Amino acid sequence: MAIVEMRKLGVYGTKKHRKAVLEFLQEMGAVEVDSPDSKEVPFEKMDTSGQRIRFQKIADEFDYVIDYLKKYDTGGSGGLLNLENTLISKEEFEEIEKNRRSYYSKVTEVLELEKSIIESRATITRKENKIATLSPWTKLDIPLNTEKTKKTKVFIGTFPEKITEEDLYRIATEGLEEPIPVTAEILYDENQITNVCVIATNRVAGKVEENMRAHGYSKLPFLSHRIPDVAIDKRKQDIVVEKDKIHEAEEKLATYVEYIPQFKIAADYFRTRSEKYRILGTLPQSDKVFFIQGWTDADKADAIKNALEEKFDVVVEIEQDDEHAPIKLKNNHFSEASEGVLESYGLPTHGRVDPTTVMSLFYVFFFGMMLSDAGYGIVMAIVCAVVLKKFPRMEKGLNKMLRLFFWCGLSTAFWGFMYGGFFGDAIDVIAHTFCGVPADQQVLKPIWFAPLENPMKLLIYCMLFGLIHLFAGLGMKGYEYLKQKDWVGFISDVVAWYMFITGLVLMLLPTSIFASIAGTQITFSPAMVTFSKVLTIAGVVIILLMSGRANKNWGLRIALGAYDIYGITGWLSDVLSYSRLLALGLATGVIANVINMMASMNGNIIVFVIVFILGHTLNILINLLGAYVHTNRLQYVEFFGKFYDGGGKAFEPFKIINRYIEFKED
């Protein structure tokens, strides 16, 4: 529960050491390089965009080829569950660096092979479309582009309607005298389109064409100079050739799969070089000197200064500048898992409190209450534990998320046993349906109570836990006041609200309204009743007089205090927000019970297993999402709303960018 103290570094050196210093800092991965204001350091900056873009493009090509070759990787090394980086030695990395051009040429070859496959598939598509176009003309035994012979004219075309051969002959010969030197044939008809071939002597050809055009005839556009069957066979042969090309290219592509590990190392090498040139372009430099400004952990600053000054001809200055320093959090193993939740909202600024530890306890607690099924929690915890164990070097953010869900799974299992839920009422349903246990005998009993049987009791506890959560948020605000030694603010803005809220709660407990909700009557002694009233009034008076203390006008000051007292309505709505703990917990249990009822309706064990697995898988996914969203909301709106505002900039060290690899420790 802390923000790491940072130090500002200023590195001044001769220009010939510029790249070497950057490479050293990048390999160390402990310094965030910051671009100083040009007014502070009036040096020019080098334009490195060309090199940066070129190296990034090469890295992107490696990435693309790695993903593309996975389909040819029969060993499955590129599967979905390959969540961690490959562990390599510095020697392996240096070998790839030395032969990087050779591996890039292989990438180029893969891209060329892919291009040839794409072209072949496009050719196949064109040929298939051509075959589809030629197929309606297969009855024709002359080339499709035939227009005439020495004594005849040939009409090959279509009518926009379905006609018979008799109709075609009648249309073509209309107005001609016997004997009629015309032959007509229907080649194909479908969907109100009729393909025809009409041959007429030169003497009557003009009249025949005129007759047909009057009925919608249109000449066939050029399709082929071959007979349709011959043209189709030719294209089928072309398709076979293109498929052979694809097969040959794919066989060759499969031989490149063995280079995927080397491609991964090379991709990270070029990605790292691109990052180096990006940073290089931000450095102020003159003809002879350069300047680097950056940030690092306070406990590492001296070691970095000594290492730089020993290895290079540079001077390093260290100074403290909390106002502009980036934020790096430091928490224990349990709380660190929740840092992603805080980062999504916004990091704290220096001088403010890091709420991660307190938030993580409530987060896991409330998540378990919302999902609240022991079976679901055990499944979550086991899955997360197995993945974490199997892939110890996975990406840090994913590792944190899985650890968070592991703890949430344990919390869910705890609340499930407290409520008596194990895949809903699956234990009882199985016992009653398949094991002969009497229907009135409960097998799995809740350790605490069953929410479905007493929802109002759970509602009271949800609001109690919510009030504790809100009080914790108010306490964090008080902690910040104490750190700043603002005693007046601590009493006026924290202690007074504790008194006010606590007094109101104590006044509410003995009332009939609370008794009707809780189902029990609480009675206080007269002294306790008086104490609750005194506590409430004292809190109100302090808030009224001191909340607007920044204003010296007492009239306005009291008005601002009265407005702040009106904020009690916000506290009421915040407390009621925790009823979602009840709603989501009940939803999970009710849906699970319905699934069990549906699965056991006909008493068939096979049907039961299928419905059970499918139903509970869907239920856990839906309610897992709901618990995640609403637990986040309770932190962001209710808890953080009492004391927290983000605005800190995350610490992003200049380092080797490893998407695929990780170096072995020396």
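Lysine 106 is buried in this predicted model, with a relative accessible area of 17%. That counts as buried because the cut-off is under 20% relative accessible area.

**Lysine 106**

- You'll find lysine 106 in helix H4, which covers residues 100-134.
- Setting aside residues up to four places away in sequence, lysine 106 touches Tyr256, Tyr259 and Phe263.
- If you're also looking at lysine 16, lysine 106 sits 90 residues from it in sequence and 34 Å from it in space, going C-alpha to C-alpha.

**Threonine 272 and helix H8**

- Threonine 272 belongs to helix H8, made up of residues 260-280.
- Its relative accessibility is 9%, so threonine 272 goes down as buried too.
- Look for the side chain of threonine 272 reaching the backbone nitrogen of isoleucine 657, at 3.2 Å.
- Once neighbours within four places in sequence are left out, the contacts of threonine 272 are Gln26, Ile656 and Ile657.
- Zooming out to the whole helix, 18 of the 21 residues of H8 are buried, so H8 is largely enclosed by the rest of the structure.
- From first C-alpha to last, H8 reaches 30 Å, close to the 30 Å you'd expect for its 21 residues at 1.5 Å a residue.

**Where H1 meets H9**

- Helix H1 (residues 18-28) and helix H9 (residues 298-311) have axes that come within 11 Å and cross at roughly 145°.
- The crossing of these two, H1 and H9, is right-handed.
- On the H1 side, the contact is made by Val21, Phe24, Leu25 and Met28.
- H9 brings Ile304, Ala307, Leu308 and Lys311 to the contact.
- By residue type, the contact of H1 with H9 splits into seven nonpolar, no polar and one charged.
- As background for reading those residue numbers, an α-helix has 3.6 residues a turn, so residues three or four places apart point the same way.

**Helix H23 and its cap**

- Helix H23 takes in residues 605-639, which is 35 residues.
- H23 reaches 47 Å from its first C-alpha to its last, close to the 51 Å expected at 1.5 Å a residue.
- What caps the N-terminal end of H23? Asparagine 604 does, with a side-chain oxygen 2.8 Å from the backbone nitrogen of isoleucine 606.

Terms used
Residues numbered from 1 in each chain as written. Predicted model: local features only at pLDDT ≥ 70, side-chain atom pairs only at ≥ 80, totals over all residues. Heavy atoms only, no water. Axes fitted to C-alpha atoms, helices over the stretch in contact; angles between N-to-C directions. Helix = DSSP H or I, 4+ residues; strand = E, 2+ residues; numbered from the N terminus. Left-handed = near helix turned anticlockwise from the far one by under 90°. Contact = heavy atoms within 4.5 Å. Nonpolar A, V, L, I, M, F, W, Y, C, P; charged D, E, K, R; others polar. Buried < 20%, exposed > 50% of the residue type's maximum accessible area, 1.4 Å probe, protein only. Polar contact = N/O pair within 3.5 Å; in protein donor to acceptor, adjacent residues only side chain to side chain. Expected span 1.5 Å × (residues − 1).
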